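Hi,

Here is the structure I promised to send over. Have a look at it first, and my notes follow below.

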Amino acid sequence: MTDGNPWLSRPAQAEHTPIAVISSSAPPPTGPVSPQRGVPIPNRADQLPSCTWPTGADLWCLGAHGGAGESSLAALVPEWRAAEHRWPRVPGAPARVILTARSSMRGLQAAQAAARQWAAGLVPHVEVLGLVIIADAPGRLPHPLRTFAKIVSGGFPRTWNLGWIDSWRVGEPPVLDVTRDVRHLVDELHALLDSGAKSTINGRK
């Protein structure tokens, strides 16, 4: 009798080559940093619910749909937390949020609906820092998806794009240096959090 079941055993963990830390500055906004007048409200069925949490987090990772990668991103930094597909409401200051979505049409449409919900002023208890679009498959995005991703990105303060990460697909624990793009994203988000993000951009101290 052999030890372990080949159909149930966890796959061997791949070794990752450490990537040098690159000092990053807070990226400037490329889109709106606060809600705007006249933004059409998405249908109630397309809106993400809100949830009150007793404690806050340095950053909330909010998946715009199931499988958006919010848990993987939140696991990269101990002080970050997955929002479980709900806008977080915490005591005190607005919760700082990064939206996540896959690069599929379904994922991008969900991100667009979330952007409209925020921009219409329906979730005043959050501060949105930007959107992370995570590749839904290896390779280059088809032209229609690339075009739509640019449109969706225009509704967020900032957008980051992460390529396909095979280790996340097979269930390996997320690590900071899995790719250079992931490391760069984390470094820029740390810089944004340290800078005060929205309040600094708007000129308020």
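Keep in mind that this is a predicted model. I'd start with helix H3 (143-153). Its buried residues are Leu145, Phe148, Ala149, Val152 and Ser153. Looking down the axis of H3, you'll find these within an arc of 140 degrees, so they line one face of the helix. On the face of H3 turned away from the buried side sit the exposed residues His143, Pro144, Lys150 and Ile151.

What do the buried residues of H3 pack against? They pack against H2, E6 and strand E7 (159-162).

Now the sheet. It is open, with 5 strands in the order E3-E2-E5-E6-E7 and parallel pairing. Strand E3 (80-82) and E7 are at the edges with a single partner strand each, so one side of each has no neighbour in the sheet. The twist from one strand to the next averages 25 degrees. E5 and E6 are joined by 8 bridges, and Ala101 has Ile133 in E6 as its bridge partner. H2 packs on the sheet, where it touches E5 and E6, and its direction makes about 155 degrees with that of E5. Helix H5 (residues 180-195) lies across E2, E3, E5, E6 and E7, at about 160 degrees to E7.

Last, the cores. The largest nonpolar core has 31 residues, and Trp87, Leu99 and Leu131 touch the most other members. H2 gives the most to this core, 7 residues. There is also a second, separate core of 23 residues, including Leu73, Val132, Leu162 and Leu185.

Cheers

Key. Residues numbered from 1 in each chain as written. Predicted model: local features only at pLDDT ≥ 70, side-chain atom pairs only at ≥ 80, totals over all residues. Heavy atoms only, no water. Core = buried A, V, L, I, M, F, W, Y, C linked by side-chain atoms within 4.5 Å. Buried < 20%, exposed > 50% of the residue type's maximum accessible area, 1.4 Å probe, protein only. Helix = DSSP H or I, 4+ residues; strand = E, 2+ residues; numbered from the N terminus. Arc of directions from axis to C-beta. Contact = heavy atoms within 4.5 Å. Pairing = 2+ DSSP bridges. Axes fitted to C-alpha atoms, helices over the stretch in contact; angles between N-to-C directions.
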